[in-house]
Amino acid sequence: VFQVYRDLFDYDPTPLNVVAESVDTESPYWVRETVSFDAVYDGQRVLAHVFLPKNIEPPYQVVIYYPSSAAILHMDSSELELDYVDFIAKSGRALVFPVLQATYERNTGLDTTWPKNTRAYSDLVVEWIQDFRRTVDYLETRDDMNLDKLGFYGFSWGGWNGPIVMALDDRFSTGVFLSGGTPPTLARPEASSASYASRVTQPVLMISGKDDVIRPVATYQTPMFESLGTPEELKRHAILEGGHLPPMALTIDETLNWFDEHLGPVE
């Protein structure tokens, strides 16, 4: 059954047709490259923002970010939620922020990412995960990226779809799910993170706010953590003070310590 689900997300290898859209060197911390490449559906193009740390020589460790559902409410990448993730690039790792279907410049008017028991929602999940995997395909073409040191980082929406990404793509070495969890409102099984968590075997850190009312620890986050297929000694559930977004200083410490342990310290 899992193989049938996996096949829904697979795609034939096709040329990426990469275009370098822009380069921005104004930040003191990183060079921001914006690229586009072919999606694997409907003749569409995927945008990706690549933040290269200025204080580190390549090849870079890489972390790919899956954003919160706020991404569907914005119309362009001038509103990327960098406040939640810029510390990755400041730590000396390449940060990659793909523009997934229905987000930012690819906005389609979608008003929610909440799971639905519909084929339309399942089709969207397939496109989101394909965009994410296609981003890894693009990174494999670059000799300045060390994909033996590839991390996943997802916040909220990204946290609950993290198990799907990591179960279907073993190129990820480790993952951090911030305020994720398995929603009790279930999608169809092929599109539900509950169907994939047990297939995740890489090291995983889950970070939760103990007073999170959007994804409560007891009913959303702990069930996902307990169902992960990762060996007990390679997973950690850090329950911090705060709500849906725990204090950033604590979140940064937990996340960077995890990446240092499982990707190796940045040299």
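Asn17 has a relative accessibility of 45%, so it counts as partly exposed. Keep in mind that we're looking at a predicted model here. Asn17 sits in the loop that runs between helix 1 (2-9) and strand 1 (19-24), and its phi is near 50°, a positive value in a residue other than glycine. That's worth a second glance, because most residues other than glycine have a negative phi.

Tyr104 also has a positive phi, about 50°, and it isn't a glycine either. Its place is the loop between strand 5 (94-99) and helix 3 (119-139). With a relative accessible area of 1%, Tyr104 is buried, since the cut-off for that is under 20%.

## A cis bond between two prolines

Most peptide bonds are trans. The one joining Pro58 and Pro59 is cis, with omega at about 5°. Pro59 belongs to the loop between strand 3 (45-53) and strand 4 (60-66). Pro59 turns up again below, as one of the residues that line the largest pocket.

## The enclosed space

## The open pockets

The largest pocket holds about 180 Å³ of space. Besides Pro59, its lining includes Ile56, Tyr60, Gln61, Gly92, Asn146 and Lys149, and the run of Leu263, Gly264, Pro265, Val266 and Glu267 is there too. Strand 4 and strand 6 (145-155) each supply at least two of the lining residues. Six residues of this lining are nonpolar, four are polar and two are charged.

The second largest pocket comes in at about 160 Å³. Of the 14 residues lining it, Arg6, Ala167, Leu168, Asp169 and Asp170 are the closest to its centre. Helix 3 and helix 4 (157-168) are the elements that give two or more residues to this lining, with helix 4 providing the largest share, three residues. What does the lining of the second largest pocket look like by class? It has four nonpolar, two polar and eight charged residues.

Methods: Residues numbered from 1 in each chain as written. Predicted model: local features only at pLDDT ≥ 70, side-chain atom pairs only at ≥ 80, totals over all residues. Heavy atoms only, no water. Helix = DSSP H or I, 4+ residues; strand = E, 2+ residues; numbered from the N terminus. Buried < 20%, exposed > 50% of the residue type's maximum accessible area, 1.4 Å probe, protein only. 1 Å grid on protein atoms, 1.4 Å probe; cavity = no way out; pocket = protein on both sides within 12 Å on 5 of 7 lines; lining within 4 Å. Points joined across faces, edges and corners; volume = space filled by probe spheres on them. Nonpolar A, V, L, I, M, F, W, Y, C, P; charged D, E, K, R; others polar.
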